[in-house]
Amino acid sequence: MPEGIFCNKKPIETEEALKAFMGDTSGAQYYKEMQSLDVDSDLLWKTIQNTCKSRIRTWLEICAHCGMCAESCFLYLVNDRDPKQVPAYKIQSTLGEIVKRKGKVDNEFMRMAMETAWAKCTCCNRCGLYCPHGIDMGVMFGYLRGLLYQQGFVPWEMKIGAGMHRVYRAQMDVTEEEFVETFQWMAEEYEEEYVGLTVPVDVENADILYTVNAREVKHYPEDLAEAAILFHAAGENWTIPSKGWELTSLAMFAGDWAACKMQVESVYDAMERLKPKRMVGTECGHAHRATVIEGPYWAGRKDGQTPVPSIHYIEWLAEALREGKLKIDPEKRIKQPVTLQDSCNYVRNHGLREVAREILSYIVEPGYFRDMSPNKEHNFCCGGGGGFNGIGLFRHQRNKGLMTKRDQILKTGAKLVIAPCHNCWDAIRDLEEEYEIGIKWSFLKPLILSMLVVPDHMKPEE
Ligand code: SF4
Ligand code: SF4
Ligand code: SF4
């Protein structure tokens, strides 16, 4: 069949198209059209020839099929050690076959590949640590997703997410005006409680340029207020950009490479326009990966660096506590068993393994922190990464995927899980809803705020 009305090879480029697409509730018509969408084998093979770099080709060739990566994958473990969930099998049966057949694959094959790429891998990169050859399925599935997206075989929500970035330069329909107004409105809500609280917008040469996740603007505006209060309490010279404020990239989850580039360039433009000393991003794992780790390559920056040094929120927080810019009231420290979710995206993939633990040393009473096992760079994915959390079609598979994290948390005996990552936070919230294990979960900002020694200059006179 030719291209469908919704399911086709064209990205979503306009607000009208986005609205019409979202009007197809849960993608009912979209997935129906997908059943008969044509595969453009010539384009597929041409794209592979142009973009499949030697690293991925070598990995496909040198895999010894030893299966040592099997136990590293939480989806293999929760699916009764199904051989079809072995990382090497998953990639060889999809990307490996497409390459072997020079792109000559059919619709049924592509739908199988779509399910494998989005419901059998969260791109958590854990298998790469355990393969003797360092073969990393997270990287390869990221590449496969790009090929599938180009051919129109992408989950409905992922196509919406990529479209949002194309239209709004944000993962949700939040305009630049809405972003600034919401941030300022939240600061106004708290300015009586915290004297002098303001949100500086587009200030040049600030020490910190702060970027966020659009979900905070749309669903958790408290997070914006907390960020403002903590920067103010720490005496930081900070600002937000009116344009280029979105740190995340659902385009990365979707495999929409062009939208990935557009999105990070909007943030880099803000850096170049406002010339801050550094950028601090909110508590989000994939956003850090997109903008700080992978983004420079998408934008063609040869040095692999962002235009100004860029750090994750936990790095700023640890520094502020270490340097005494933020002070914690020891009486208010956490005095209950508490554990920490290490985000794959900045712990395994960016080495920030000790930073969150340093923060915990200030906010948890000694003896109450219970590390998960395994932890740090060996930690398992929360179960909802790589877009898995948001795909209705694969909800059953995602809920099963949450079981590894559920069991890890249960073994710690902790009743509170600190998750300084939006995706992990969502997955842990969902696992509590699904399995009711009696836990609470939190970002760091509200916890720090609840035990902060508020500087005198911020206290109201009465
Ligand atoms: S451990 Fe590495 S070499 Fe062995 S099967 Fe897995 S990916 Fe292939
Ligand atoms: S990247 Fe993570 S989810 Fe994907 S195959 Fe490897 S271990 Fe499994
Ligand atoms: S959601 Fe969190 S745990 Fe899951 S892959 Fe992403 S960073 Fe890792």
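The model is predicted.

Helix H22 has 14 residues. From its first C-alpha to its last, H22 reaches 20 Å, close to the 20 Å expected at 1.5 Å a residue. Its buried residues are His-422, Asn-423, Cys-424, Trp-425, Ala-427, Ile-428 and Leu-431. An α-helix has 3.6 residues a turn, so residues three or four places apart point the same way. The cover over the buried residues of H22 includes both helices and strands. Among the helices are H12 (214-218), H16 and H21 (403-412). The strands include E6 (416-418) and E7 (440-442). After H22 comes Glu-436, whose phi is positive, near 45°.

Ligand 2 is also surrounded by 16 residues. The closest are Cys-73, Cys-121, Cys-124, Cys-127 and Gly-138. Two elements give two or more residues to this shell, namely helix H6 (87-100) and helix H9 (137-151). H9 gives the most, with three residues. By class, the shell around ligand 2 holds 10 nonpolar, four polar and two charged residues.

Around ligand 1 lie Cys-63, Ala-64, His-65, Cys-66, Gly-67, Met-68 and Cys-69, together with Pro-87, Ala-88, Cys-131, His-133 and Ile-135. Nine residues of this shell are nonpolar and three are polar. None is charged.

The secondary structure of the chain comes to 23 helices and seven strands. The radius of gyration is 22 Å, close to the 23 Å that the globule rule gives for 462 residues, so the chain is as compact as a globular protein of that length. Along the principal axes, the C-alpha atoms fill a box of roughly 75 × 45 × 40 Å. Buried residues make up 49% of the 462 residues. Among contacts between residues at least 6 apart in sequence, 81% join residues at least 24 apart.

Conventions:
Residues are numbered from 1 along each chain as its sequence is written. Chains are lettered from A and ligands numbered from 1 in the order in which they are written. This is a predicted model: local features need pLDDT of at least 70, side-chain atom pairs count only at pLDDT 80 or more; totals for chains, interfaces and linings use all residues. A residue is near a molecule or strand if its C-beta atom, placed from the backbone, lies within 6 Å of it. Ala, Val, Leu, Ile, Met, Phe, Trp, Tyr, Cys and Pro count as nonpolar, Asp, Glu, Lys and Arg as charged, and the others, Gly among them, as polar. Helices (H or I, at least four residues) and strands (E, at least two) are DSSP runs, numbered from the N terminus. The radius of gyration is taken over C-alpha atoms; the globule rule is 2.2 Å times the number of residues to the power 0.38. A residue is buried if 20 or more other C-beta atoms lie within 10 Å of its own, exposed if 12 or fewer, and partly exposed in between; C-beta atoms are placed from the backbone. Two residues are in contact if their C-beta atoms, placed from the backbone, lie within 7 Å. The expected span of a helix is 1.5 Å times one less than its number of residues.
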